[in-house]
Amino acid sequence: MGEVNSLQIDTQPVRTKRIEELHKYVTSFEYGICVERGKYLTDFYRDHMDMAPIVRRANAIDYVLENMSIYIMPGSLFAGNQASKPRWAPLFPEFEVEWVEEEMVKGNPYYPWERPADKYILPKESVPVVQEICDWWRGRTHTDTLRARLPKEALATHYDLKAADIGTYFQGGDGHFAPDHPWLFTHGVQKIIDDCQKASDSIDWKNDSDAIKKRDFYEAAIVSARAIVKFAARYADLAEKMAADEKDEKRKEELLQMADTCRWVPANPARNFREALQFVIFVHICIQIEDNGAGVSFGRYDQFMYPLYQQGISDGTLTREQAVELTENFFLQIYTCNKVRSWIDTDFYRGVPMFQNLTIGGQDPVKKCDATNELSYICLEATYNTRVPQPSLTVRFHKNTPFEFKMKVAEVIRLGTGLPSIFNDETYIPAMMNRGYELNDAYNYCIIGCVEPGAPGLLGGRTGGAWLNCTKALEMSLYNGTDPRTGICLHKNRNGKDLSTFENFDEAKEAFLDQMAYYVKMEAILENTIDQVWEETLDEPMAAIFGCPTTTIPRGKPIKQGGAKYDLTGQQTIGTANVANSLYAIKKLVFDDKIITGQELKHALETNFQDMDTKPSGAQIKALCLSVPKYGNDVDEVDELARDMLAFVANELSSYKNTRYGKGPIGCTLHCSTSTVSSNTPFGKVCGATPDGRDAYTAVADGQSPMRGTDVNGPTAAIASVAKLNNVLLSCGSLYNMKFSPADLC
């Protein structure tokens with residue numbers, strides 16, 4: 001066992017002195033909360049409530065960027081910070097302050113620094129500032145507006161039943177897109193300013209009914225573009241000041257070069273590999289400061305950086321070793337970004353994930369051939385050596401992926417860091433085309449957020465959305481629409497029956513699908529109301545001009561008004577295995593083999609299998625439920641239930657339009673994913689015992705993976721079950737987690 005650990009876990013990284021010292025510096029910081037953004041944003045909003053919302057937001061972010069603390073990390077070759085210290089998280093009070101006040105001021109249920117997990121420092125002197133921020137925003141936040149606008153059924157679905165949870169988008173921004181980095185660092189931000197000014201001057205005030213909206217958008221876009229240029233200039237000034245005091249000649253030269261870089265980009269096109277990375281960092285940091293959304297991703301790093309890599313190698317200004325070090329420095333720079341969530345929302349996102357996804361591998365969108373290149377390998381080396389969870393490295397595999405590349409991926413995975421994730425072109429590309437993607441755009445997909453595919457620079461909307469608790473819908477279907485935990489009933493079964501009165505399996509399945517359809521409707525209401533409120537009060541000009549510059553600028557529309565080429569609203573479907581296993585248990589035990597009655601099973605569930613006085617007893621019924629074949633073992637009857645259930649949810653979701661429908665983008669529907677993060681645990685906490693033998697209030701299954709402990713026929717059988725799902729319908733991403741102990745990989 002010692003050899004296994006030495007090989008797979010204790011393998012030492014290979015780092016230059018610069019990266020070793022920078023890694024120690026960055027990782028030495030505990031997570032913390034920085035109040036600067038929240039304070040400066042509040043100060044600006046307080047004095048400028050008369051501005052158009054999108055113009056106010058642009059100017060408020062400009063004010064934040066002008067006043068927030070900046071620093072250059074020791075030895076780093078790049079500038080750019082999101083908060084006053086590495087791994088500290090800014091505050092975004094415009095979204096919600098209730099939880100901020102409850103936790104950071106009152107300590108309910110915990111002070112951030114006393115949490116059982118994902119702790120955050122908050123300096124004592126910052127607490128009065130937090131209180132002042134909360135006092136001004138109370139009644140003015142995004143969440144306040146949502147609570148006033150949402151129907152009571154949708155609020156109950158989210159807050160009380162937890163049949164769907166969309167708290168992330170009450171408390172924070174959208175995120176979930178990949179900026180058009182190659183367009184940006186090829187053209188420079190000055191082109192955005194020039195194009196927006198020209199478009200603004202050309203507005204057709206006589207015939208364009210959107211003239212006022214366009215004027216506001218272009219004004220906000222120009223303010224946002226100039227803001228990032230001024231932000232970079234602050235670092236140039238700082239680097240020059242530090243260089244003047246620097247005794248080490250080599251470091252002095254590096255700082256002066258950094259100053260030159262920051263004066264050139266992002267205003268102008270990047271001239272080399274290093275400048276392009278600095279450009280990407282500034283864009284990424286500024287979007288994070290504006291948005292607070294997870295899943296602000298990078299796109300296909302090895303593709304858009306490769307021409308500059310080749311140029312540097314060719315003209316002798318760059319070596320492979322320097323490219324590795326610059327990429328590792330870039331990774332550590334990005335790792336400094338952080339996000340603080342409420343304790344409730346943290347339950348869904350354990351481990352402080354940011355989902356800053358970076359994609360490598362895959363295929364050339366034009367030639368349709370393998371696109372693996374030297375930077376693909378360099379990114380794997382950078383992940384191997386830095387061993388930080390951000391950026392989230394993902395790899396695209398296809399039938400012609402080189403064997404050598406696959407083996408290198410496997411080598412990095414064996415470290416046990418969870419990176420990289422692997423995605424299958426043969427599944428994802430057809431799924432995207434099924435939602436309207438053009439062929440070349442589908443071939444050019446990157447992963448955005450967790451597992452969600454999208455075309456970089458072309459996708460608006462949201463790939464991540466509400467968590468849909470399918471296990472909860474199943475449970476309520478067994479009680480004629482009533483939630484046994486709260487007693488709330490929003491929707492009775494269409495057939496008016498419950499588990500004790502179903503006369504055949506078709507009635508049980510019909511009841512589940514009926515409940516599922518109702519809660520998909522509730523999710524659609526939640527999603528679209530949030531988007532409508534965002535459009536009215538929190539539209540993001542920086543995300544628009546950096547995320548989709550080739551469409552938002554010509555259209556004069558931000559993303560939430562229809563500015564992207566593609567626009568789809570995603571969601572996460574939780575509990576697939578529990579639903580399939582439970583339905584099959586009902587079919588097998590109650591109707592096919594008639595071993596127990598529906599009434600007996602219902603009582604066993606109501607008593608969490610604890611009633612020992614019945615015959616059969618609760619424990620015996622639980623044993624029967626556990627003995628029935630389960631999804632994940634290549635058993636067709638069970639696997640088909642999982643396939644049919646997911647297909648129903650996916651098709652039901654895509655029948656709902658989002659708020660951008662008919663405004664220009666392709667798609668504009670809701671669509672389905674099986675991404676989970678850690679939401680299967682809090683969702684399990686609101687679900688009673690289920691017919692698959694799962695105890696009440698315990699975690700449900702994650703993603704489209706088998707329920708833990710029930711896939712007993714080995715990994716090949718589990719993969720076979722997952723492969724039977726209709727993955728072409730899961731256009732928002734497919735998640736299958738498979739874990740091995742180190743001893744299994746000798």
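Colleague: Leaving aside its neighbours within four places in sequence, which residues is Phe546 in contact with?

Modeller: Phe546 is in contact with Pro179, Asp180, Leu184, Val189, Ile192, Ile228, Val283 and Ile287, once the neighbours within four places in sequence are left aside, and contact here means heavy atoms within 4.5 Å. This is a predicted model, in which local features need pLDDT of at least 70 and side-chain atom pairs count only at pLDDT 80 or more, while totals for chains, interfaces and linings use all residues. Residues are numbered from 1 along each chain as its sequence is written, and side-chain values use heavy atoms, with hydrogens and water left out.

Colleague: What is meant by a nonpolar core, and how many residues has the largest one?

Modeller: A nonpolar core is a set of buried Ala, Val, Leu, Ile, Met, Phe, Trp, Tyr and Cys residues joined through side-chain atoms within 4.5 Å. The largest in this model has 192 residues, and Phe273, Phe330 and Phe546 are those with the most contacts inside it. Helix α12 (residues 211-245) gives the most to this core, namely 17 residues; a helix is a DSSP run of H or I with at least four residues, and a strand a run of E with at least two, each kind numbered from the N terminus. Apart from that core lies another, of 28 residues, including Ala294, Tyr349, Ile448 and Leu458.

Colleague: Why is Glu535 called buried?

Modeller: Buried means under 20% relative accessible area, exposed over 50%, and partly exposed in between, with a 1.4 Å probe and protein chains only. Glu535 has a relative accessible area of 13%, and therefore it counts as buried. This residue lies in helix α24 (residues 505-537), and, apart from neighbours within four places in sequence, Glu535 is in contact with Lys213, Lys560, Gln561 and Lys663.

Colleague: What makes Val635 partly exposed?

Modeller: The relative accessibility of Val635 is 24%, so this residue falls in the range called partly exposed. Val635 is found in the loop between α29 (618-627) and α30 (636-654). Its C-alpha atom and that of Ala720 are separated by 9.1 Å, although the two residues are 85 apart along the chain. With neighbours within four places in sequence left aside, Val635 is in contact with Pro629, Ser721 and Lys724.

Colleague: Why do β4 and β7 stand at the edges of their sheet?

Modeller: The sheet is open, with 4 strands in the order β4-β5-β6-β7 and parallel pairing. β4 (299-300) and β7 (421-424) each have a single partner strand, so one side of each is left without a neighbour in the sheet.

Colleague: How do you know that β4 and β5 pair?

Modeller: Two strands pair if DSSP finds at least two bridges between them. β4 is joined to strand β5 (residues 357-361) by 2 bridges, so the pair meets that condition, and the two strands run parallel. The bridge partner of Arg300 in β5 is Thr359. Helix α20 (residues 403-413) packs on the sheet, where it touches β5, β6 (392-397) and β7, and its direction makes about 150° with that of β6. Helix α21 (residues 425-433) also packs on the sheet, touching β6 and β7, with a direction that makes about 60° with that of β7.

Colleague: What makes helix α23 mostly covered?

Modeller: In α23 (residues 470-477), 8 of its 8 residues are buried. They are Cys470, Thr471, Lys472, Ala473, Leu474, Glu475, Met476 and Ser477. These buried residues pack against α8 (152-161), β11, α24, β13, α27 (576-592) and α30.

Colleague: How do the residues of the contact of α12 with α14 divide?

Modeller: Ile228, Phe231, Ala232 and Tyr235 in α12 meet Phe282, Val283, Ile285 and Cys286 in α14. The residues of this contact divide into 8 nonpolar, no polar and no charged, where Ala, Val, Leu, Ile, Met, Phe, Trp, Tyr, Cys and Pro count as nonpolar, Asp, Glu, Lys and Arg as charged, and the others, Gly among them, as polar.

Colleague: Which residues point one way from strand β12, and which the other way?

Modeller: From β12 (residues 566-569), Tyr566 and Leu568 point one way and Asp567 and Thr569 the other, and all are buried. Strand β10 (residues 459-462) is joined to β12 by 4 bridges and runs parallel to it, with Gly460 opposite Asp567. β12 also pairs with strand β14 (residues 666-670) in the parallel sense, over 3 bridges, and Ile666 in β14 is the bridge partner of Tyr566.

Terms used
Axes are lines fitted to C-alpha atoms, for helices over the stretch in contact, and angles run from 0 to 180 degrees between N-to-C directions.
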